[in-house]
Amino acid sequence: MGGSVMDVQLKEEIDNALREGGPVVMHFWASWCEASKQMDHVFSHLAVDYPHAKFFRVEAEEQPEISEAYSVSAVPYFALCKDGKTVDTLEGANPSGLANKIAKLAGPVDPSGAAVPASLGMAAGPMVLESVKELSQENGSSQSAKAPSSGLSESLKNRIQELINSHPIYLFMKGSPEEPKCGFSRKVVEILKKEDVNFGTFDILTDNEVREGMKKFSNWPTFPQLFCKGELLGGSDIAIAMHESGELKEVFQDHGVFSVSSGATSEAGKGGGITLSDGLSTTLTSRLKELINSSPVMLFMKGKPEEPKCGFSRKVVEILQQEKVEFKSFDILSDDEVRQGLKVYSNWSSYPQLYIKSELIGGSDIVLEMHKSGELNRVLKEKGIIGEETREDRLKKLVSSSSTMLIMKGTPDAPRCGFSSKVVDVLRKEGVSFGSFDILSDEEVRQGLKTFSNWPTFPQLYHNGELVGGCDIVLELQSNGELKSTLSE
């Protein structure tokens, strides 16, 4: 199979390859996702460049068992395995990132020779790379990509909103509840039946306008999509996690949706907010205030940061970690009095709940949206939780962003000076994986690095955040046979 990509039909095909212990790379993709298709060009070229590794293509929605095994929640997604274990992953359209990771995984094709210049995305070619970058920037290729809603006509927005509002619980899926057309849709239907609730559905395979429009309307690129009282809960992975933890039933009940067999009813338009604020004792109110004020950033969640007990809690923990924020947490599963009391106190019916300087920010959906837009970072700075990033901080982060980092003129694909071109050629020849930054694209970085490194010219090569030198030093290290050892220390 060397040099080619195999389309997976059975999980056993991957299991057998993993048992052999060699390098295995999987591309989880979807036929509707343009970024997946473009990244597949890169993937196919890499399969040719690394014939001793095994490359598998997995249609994520058609192979739910495999997708779930590798925690795939968005496409394109890549899993890299060796010695039977997953050693690295990549989500989204990032050609050079994928090439770097595969080079690190697979190593040189010929042990006596140099590794393929993976940092370039090599044989994929500039046109493919450029188109993938544009797709990634404009359309978004993963769950974290922001899809512009302005591309929707008013008539389509209204039509989608009418569909969502037609039932308290509404599912956009592939196929129908009686005949789902993908494994993910089937699982969510099974969950809703187990929850014993009435729900409406729309088969997105029957209407491409709605199918594509929903991705922008909800800023969620995959299907199924589950809504409750007009609010997006998420896709199959979130629905499964909420069902298993009991969160889904709780959210339904908080929004006045009860199981069919219970015969329970609720006031129309009551929604999720709990309005009875006089049901709390003075003691409990005082305790809740004390907990909320116990840290500038306080998260009430299910489980602990090291072991979240629901997908929503896990997402907020990950966001706070990405923002590099110190925070305290309280496991509401450990104390039912706090769990029920905080809903009344905050007039917020679900968990997690994030507080900054004693003020409620919201739940996972609000935190996720604020994180994507940069609003969360701004609020954290305004409230003095994190400081403004200095130029020196930015430069330190830049030169340390890859273990071997080349600050150059142009890009490895298209160097803009002879010295930069020479260093790129040397690193390729030595089989060194490296990141790069084009100083012609940022005058502040260009001038700042001269002072930061006390080195007035470019290119500049860094290893583990420390300056190695410029073109002359790199060439000298290569001629002495010391370059590879220097960059592997």
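Contact, in all the views below, means heavy atoms within 4.5 Å. These close-ups show a predicted model, in which local features need pLDDT of at least 70 and side-chain atom pairs count only at pLDDT 80 or more, while totals for chains, interfaces and linings use all residues. Residues are numbered from 1 along each chain as its sequence is written, and side-chain values use heavy atoms, with hydrogens and water left out.

**View 1**
Let us start with Ser313, which sits in helix α12, residues 311-322 (helices, H or I, have at least four residues and strands, E, at least two; both are DSSP runs numbered from the N terminus). Ser313 has a relative accessible area of 0%, so this residue is buried (buried means under 20% relative accessible area, exposed over 50% and partly exposed in between, with a 1.4 Å probe and protein chains only). Leaving out residues up to four places away in sequence, Ser313 touches Met301, Lys302, Pro308 and Pro352. With Lys302 there is also a polar contact: the Ser313 side chain reaches the backbone nitrogen of Lys302 at 3.0 Å (a polar contact is a pair of N or O atoms within 3.5 Å; within protein, one must be able to donate a hydrogen and the other to accept it, and residues adjacent in sequence count only if both atoms are side-chain atoms).

**View 1. Ile319, another residue of α12.**
Helix α12 also holds Ile319. At a relative accessible area of 4%, Ile319 is buried. Apart from residues up to four places away in sequence, Ile319 touches Val367, Leu368, His371 and Leu376. Take Leu368 from that list: along the chain Ile319 and Leu368 are 49 residues apart, while their C-alpha atoms are separated by 7.4 Å.

Follow the strands in the order β13-β10-β14-β15 and you have traced an open sheet with mixed pairing (two strands pair if DSSP finds at least two bridges between them). The edges are β13 (328-331) and β15 (359-362), each pairing on one side only. On average, neighbouring strands of this sheet are turned by 25 degrees against each other, direction ignored (axes are lines fitted to C-alpha atoms, for helices over the stretch in contact, and angles run from 0 to 180 degrees between N-to-C directions). Strand β10 (residues 297-301) and β13 run parallel and are joined by four bridges. Look for Phe300, whose bridge partner in β13 is Phe330. Helix α11 (residues 282-292) lies across β10, β13 and β14 (353-356), and runs at about 120 degrees to β10. Helix α12 packs on the sheet too, touching β10 and β14, with its direction at about 160 degrees to that of β10.

Asp335 and Arg287 form a salt bridge, their closest N and O atoms being 2.8 Å apart (a salt bridge is a side-chain nitrogen of Lys or Arg within 4 Å of a carboxyl oxygen of Asp or Glu). Asp335 lies in the loop between β13 and α13 and Arg287 in helix α11, so this pair ties together parts that are 48 residues apart in sequence. Asp335 is buried at a relative accessible area of 15%, whereas Arg287, at 31%, is partly exposed. Arg287 also meets the side chain of Glu337 in a salt bridge, at 3.5 Å from N to O. Glu337 counts as partly exposed, at 45% relative accessibility.

**View 2. The Lys343–Glu250 salt bridge.**
Among the 21 salt bridges of the structure, this view picks out Lys343 and Glu250, whose side chains meet at 3.5 Å, N to O. Lys343 belongs to helix α13 (residues 336-346) and Glu250 to helix α10 (residues 247-254), 93 residues apart. Both partners are in the buried class: Lys343 at 4% relative accessibility, and Glu250 with a relative accessible area of 12%.

**View 3. Helices α16 and α18 crossing.**
The axes of helix α16 (residues 391-399) and helix α18 (residues 443-453) come within 10 Å and cross at roughly 90 degrees. That angle makes α16 roughly perpendicular to α18 (angles of 65 to 115 degrees count as roughly perpendicular, under 35 as roughly parallel, over 145 as roughly antiparallel and the rest as oblique). On the α16 side, the contact is made by Arg391, Glu392, Arg394, Leu395, Lys396, Leu398 and Val399. From α18 come Glu444, Val445, Gly448, Leu449 and Phe452.
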